[in-house]
Each structure stands twice: as C-alpha cells, then as structure tokens.
Amino acid sequence: MRESPCTLQTNIPLPFEILSLQEESDLELPLMQSCVAAGFPSPADNYLEDHVNLQRLLISNPSATYLVRVRGESMIDARLYDGDLLVVDRSLEAQSGQVIIGVVDGEFTVKQLVLRGDVFYLQPANQQYPPLKLTDEMDFKPWGVVVWSLHKIKRNL
Amino acid sequence: MKKLFALVDCNNFYASCERVFKPKLEGKPIVVLSNNDGCIIARSAEAKALGIPMGQPEFMTRELVKQHHVKVFSSNYALYGDMSARVMQILATFSPGIEVYSIDEAFLDLSNLLSQDLQQHAMKLCQTVVKWTGIPVSVGIAPSKTLAKLANRMTKKSGEKQAVAILQDTKEIEDILARTKVGDVWGIGKRNAHKLAGFGIHTALDLAQASDAFVKKHLTVVGLRTAKELRGEPCIELEQTPDSKQNICTSRSFGNPTTNLEHIQEATAYYATLCAAKLRRQQSCAKVLTVYLQAYPFKNKPAYYNSKTIMLPVATNSTLELIKYANMALKPLYKKGYRYKKSGVIVSEICPQANAQLPLLDTIDRSKHQRLMQAVDSINSTWGRDTVTTAAQGVYDQEKRPNPWEMKSMYRSERYTTHLNELLCVQA
C-alpha cells in the first residue's frame, strides 16, 4: 500500500506528555439544575455534576485548532452546507475516510480523503462534482482534519 | 549541573503567518508594513533576496514591488499575536522552562534533556510547530542563552537550510566565535562594538578571551556576563514570569494629518481607552498620565512637539476617568495652524489594583465604575474589541462615515483566528 501523502514522519517519542494548556471556558451550560425549595435540602445536591463545556467538547487541542467557513455545495451529502463552520485540528494525521482541508494549487478545499487501491482521492459528497485523483505531480498539501461541523438550525437568530 | 538552552525563532514570522492562510503565496515575495502603512517591517526570504531593505518607506519600494509582484500586507497584529500564542503554547510542551522573548522568539531550558537525543527532540519540536500552526521555526541549542542565540543564527547562515543547530563542543564554539563579529553578539550592539574595536576586539572570540577586569571596566557587569556566556558559563537565567509593565504607552500616527481638535480628541480618547484596558488586564492602576502631541513642519511653521503630565487624584484603571484626564492634558497642547500627525497617551506609576489608595473625599462611585468596566471588558472579549466604545472616541461607520484619524491599513489580511466574520473560507 502506498503511504498516505498526509503523514508526517513524526514517530520520535516525546519526553513529555503534550498537555493542552488553555482551557478558556466562558461558555458553561449547567448540566443539572434543581429548584431549591425553602427549608428542604435538595435531594439532588449530592448529584451535582460538572458543567458541560462546549469549548472542551469541540476543541481538544486549542493551539492546533482553527475555525473555517464552508463555501459551496460539493459536500452537501456529507451534511456540510454553505456557510457552516468547521472545527479543524491541524495536529491530526489525515487518514482515508476523514473529511480534510487540503490545499490544491494554492486554493483551500474541503473534501473526503479516500483511498481506492493505492490511489488517494479528494472525494466530494455531491454527485454533480467529480472526485480529484491525487498524483505525485500535483500541488497538493493537507492542511488539517475536520473534527466538527457546526450547522446553525435557526437561521434568523 | 550543566545547563542547556534553546532559542527557538519563527522564520520570517509575519510573512509566514500570512502564508498559513494564503498558501498561494508559498515561494512568493511578501513584505509587511508598519502601523499606518509607513515602512517595511518584515520581509519573506524571497523579498530579502530581491534586495528590499528593512525599514524602507513604502512609497520608495513601489517600483520594485510592482516589477516583482511582491505581495504587500498591512500589519495584522490580531493574527500575528494569536499565531504567536499558539507557537508559544506548543513550545511550552517541549520544556518545563520557557521565556517568551519576543513575538517570534522564545528561550527554552533543555538542561534536563542532556541525556536525550537533542537533535531528535529539537527536530520533533520544529515538526510539531509547523504541523500545528504552519509556521516554520529554527532552533539553536547551546550551554548559555548568548550562545543559543548564536547557534540560532547559524541555522540561517548555513547554505543548506537546516532547522536545528547545536553548539556544545568547545572547539566548535571557538570556531564559531572566531567567525562572529563582536557587534553581532546578543547584547553588545553597534556602539559597544565600535568601542571594543579601539582595543583590538573584533570577534566574539576576542571578547570571550579578554580578561574579566578589562570587560568589566569597559562594558560593566552586563558585558562581563555576556563574555562569560560566550565562554559557555551560563549567567543569564530564563525570565519565566513577565514583569507587569512599569508604564504603558499607546500612540499612533493619524491616518491623515489633521488640524481638527475634535479628531485629535477622539483619537486620544481611544488611546486612553486602550491604556485603561491594558491596565485592567494586568490588574493594576496608574497614578500618572501623560499626553503628547506632535505636528509636521507646515508652511512657515516648524515641527511641533509638546506633552503634558497630570498626577491623577486617585490611581485608576477606569476608561472614563482616564479619558477625562487625557482630554484635560491634551487641550492646552493644541495650537491652531499646525498639521498634527500623532498623539499618544502614557500611563505610569503603576501599582497593583488592590493597593490603590482611596482619598478621604471621593466624588466618584468607584465600585460602580469597576462594575461597568467589567461589563465592557466582558462584552468586548466575547464579541470582539471595540464592540462597546465610549462616545468620546466618536462614532464612525466604515462605509457611510469613515474614521478620519484611524490608522491606515489598506492591505490588511483577514483576522482569521480572532474574528468570527473574518474566518478562512474553504471551497466545498
């Protein structure tokens, strides 16, 4: 099998564990809330848990994570729509099957990376767009791996 | 214990930041302009090769720029600052000790890595930074900070681009020192180099081999530390906790020279706002405020510069108070008939917020001010700088009523990582 064009040779072990440093969390949603009835201690008090932190859910490696915006229709069958926000992690290795941000001839594109036989393709998710075969002569560079897509349901908010 | 330091430097940092989000510019010449699009403050390797000099005024380079299709950018500090913070966070995972030395440089303490394979560790660092951020870095490693700086220079000098240079071997260090001009040593500078030349000291090696007494006499203890560092004795420790700033200055050239007091007042109010926000960020207050105003020579009038300093009744970090006093200081500086180019606000005698003394008779409800400022800071941190501003800064609209004093930044790229409506767009 051909080696993925997207793997960097980084198999040297680190002497330190890489920790994510920044955990800014302005956005915290209470996971459990109970009304307090005067006089009675809430029976739920013992079960109070931590808050759900959207930031932490969406971004596991802040220094390598970037938000980008989708423009175009080629990925609609993968539910990536025009105007959606994508959470992109540059620290991940792009692998077959993943949706990635790539740079083709200096232009950004979002597509699924697919391995067929020993050839990699940038595969759209819309029948009207053809897949792009990745050849050695081509000017292609992986930029990051898409880990979340944020699609706003209520548009008029 | 033997010490080991690394100096990590981002290659052509500003140009590299622009390239991360515009990969089309890979291999193309890029220059970045100073505030107000005045002169060139950063160049890509390609622009350096074209012979575009650092610091040259923008208008003098227009021909070269056109001829070679050089891409010109206004400085985009929102982007550079964010990318710098990312790089520093990554570096911090490679060493327990880090000193952020400038926006694009950091010292790391690698002393505990003596037994590890240094080369591999440093290579891994470079690969991680470039993969996670797209910013290429180079690393110089040596037994002292001054030598690490030199080692880092080696990575740039060497014909074949290597990202890592390690200076450990005594013989090798001597060789390099003999080939380095003393003026290129970290902390020596042109004036000292000139002075040293008078004593026959031309290379870094000459300085390293000079007697302690001689160096101390002519370069003080600071120079002696440098000489010892060149000998491989570490004397300059990592500064890991940045000092709170002793004074804060915000000054900018106006987008266009102006004769209008109102515009100058608005701009000055804005600079006071920025000073106040910085004070609050480091949880301190200022006791003294200085405003200065500067004009070009115009018609028969010479250039003009004047400043006024006010002792504040109470140390403060309230935007509203600082604007009030800045305006008080500014008014007497203004004289009719000048074309003003720049004003600035400096706050000094800075003390921790908790130590700010209250006067007996205070007419200001300070806790109310404080709550208001907290609300403003929190809105501006959520929705972006300048979402809530004071009316004293004037109200402008990019399309309908453009701001006359705002700095020019005609060629600024998007603030990709800090503004939701300027994110990178990718084609689906």
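Is B:Glu58 buried or exposed, and what is its relative accessibility? At 13% relative accessibility, B:Glu58 counts as buried (buried is under 20% relative accessible area, exposed over 50%, partly exposed in between, with a 1.4 Å probe and protein chains only).

The model is predicted, and local features need pLDDT of at least 70, side-chain atom pairs count only at pLDDT 80 or more, while totals for chains, interfaces and linings use all residues. Residues are numbered from 1 along each chain as its sequence is written, chains are lettered from A and ligands numbered from 1 in the order in which they are written, and side-chain values use heavy atoms, with hydrogens and water left out.

**View 1. The salt bridge of B:Arg62 and B:Glu58.** The closest N and O atoms of this pair are 2.8 Å apart. A salt bridge is a side-chain nitrogen of Lys or Arg within 4 Å of a carboxyl oxygen of Asp or Glu. Over all chains, the structure holds 16 salt bridges.

**View 2. The salt bridge of B:Lys3 and B:Glu237.** The N to O distance is 3.8 Å. B:Lys3 lies in the segment before β1 (5-10) of chain B and B:Glu237 in the loop between α10 (212-230) and β9 (248-258) of chain B, so the pair ties together parts 234 residues apart in sequence. Helices (H or I, at least four residues) and strands (E, at least two) are DSSP runs, numbered from the N terminus. B:Lys3 is partly exposed at 23% relative accessibility, and B:Glu237 is partly exposed at 44%.

View 3. B:Asp175 is partly exposed, at 37%, whereas B:Lys171 is exposed, at 51%.

**View 4. The surroundings of B:Ser318.** B:Ser318 sits in the loop between β11 (304-316) and α12 (319-330) of chain B and is buried, with a relative accessible area of 4%. Leaving aside residues up to four places away in sequence, B:Ser318 touches B:Ala276, B:Arg280, B:His369 and B:Met373 (contact means heavy atoms within 4.5 Å).

**View 5. Strand pairing between chain A and chain B.** β3(A) and strand β13 (residues 424-427) of chain B pair in the parallel sense over 4 bridges; two strands pair if DSSP finds at least two bridges between them. B:Leu424 is the bridge partner of A:Val68.
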